[in-house]
Amino acid sequence: MEFEKVRLLMVEKQLMGRDITDPRVLEAMRNVPRHLFVPPAHRDMAYDDMAMGIGEGQTISQPYMVARMTEMLELTGSEKVLEIGTGSGYQSAVLAALAREVYTVERIEELSLRAQRAIESSGIKDVNFLVGDGTGGWPEEAPFDSILVTAATPEIPPPLLEQLTEGGILVAPVGPQSTQQLVKVTRLEDGFRREFGIFCVFVPLIGAHGFDE
Ligand code: SAH
């Protein structure tokens, strides 16, 4: 109960108090129990206005960043979504609340397994997990209506653009490891349209079409 109160405050102050306006995104973030996706020792900080360590040198993104990126995807409920960088599974859970089904890829097995347990214990369905290099996407399940990359990438991996449906939207933090900018790519009939969002700092996307190990 206490967690719910803090969660509603998080939505009001950190999301609505800034510039998040999509009512469906706000509702999803009022409902998903973020405290189940952070290390048990740090549950009391789960709704703080910051990213947090989740082990293996990786992080769960700040609530605002999760909301911002999710809003850019313009989900309506019918989408098949691909996420690259499962991490804690929190972003996957938010996506699952807003889309038809979620496919999420993580390169570190231990994190994927932990995320699977957290998703299960939250009672969230329609999330499919894969361990491997997500810079190649998930060819067997392509195409996707929405693709979200949650790790910093020097450039958008070409396989991800190929796996996007026409009219589909991809969002990724693009740039060097020091800072990136959110990029929204819409696939048009005859190419891709790029729009630029806020600056951010993510852990690196490591793989064939990302940074070197
Ligand atoms: N969406 C996550 C954020 C995780 S941080 C959350 O809500 O918690 C980014 C994650 O991307 C890390 O877990 C990292 O291990 C993973 N990652 C890095 N390179 C990857 C790759 N090539 N394929 C899949 N996952 C990758």
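Helix 1 covers residues 2-16, and at 1.5 Å a residue its 15 residues should span 21 Å; the end C-alpha atoms are 20 Å apart, which agrees. The expected span is 1.5 Å times one less than the number of residues, and helices (H or I, at least four residues) and strands (E, at least two) are DSSP runs numbered from the N terminus.

This is a predicted model, where local features need pLDDT of at least 70, side-chain atom pairs count only at pLDDT 80 or more, and totals for chains, interfaces and linings use all residues. Residues are numbered from 1 along each chain as its sequence is written, and side-chain values use heavy atoms, with hydrogens and water left out.

Which residues of helix 1 are buried? They are Arg 7, Met 10, Val 11, Gln 14 and Leu 15, where buried means under 20% relative accessible area (1.4 Å probe, protein chains only). Their cover includes helix 2 (23-31), helix 3 (63-72) and helix 4 (90-98).

The largest pocket holds about 490 Å³ of space. Among the 36 residues lining the largest pocket, Thr 59, Gly 85, Thr 150, Ala 151 and Val 203 are the closest to its centre. Strand 2 (58-60), helix 3, strand 3 (80-84), helix 4 and strand 4 (101-106) each give two or more residues to this lining.

The second largest pocket has a volume of about 210 Å³. Helix 5 (residues 109-121) gives the most to its lining, with 4 residues.

Note on methods:
Buried means under 20% relative accessible area, exposed over 50%, partly exposed in between (1.4 Å probe, protein chains only). Contact means heavy atoms within 4.5 Å. On a 1 Å grid over the protein atoms alone, a cavity is a set of points where a 1.4 Å probe fits but cannot get out, and a pocket is an open set with protein on both sides within 12 Å along at least five of seven lines; lining residues have an atom within 4 Å of a point. Grid points are joined across faces, edges and corners, and a volume is the space filled by probe spheres set on the points.
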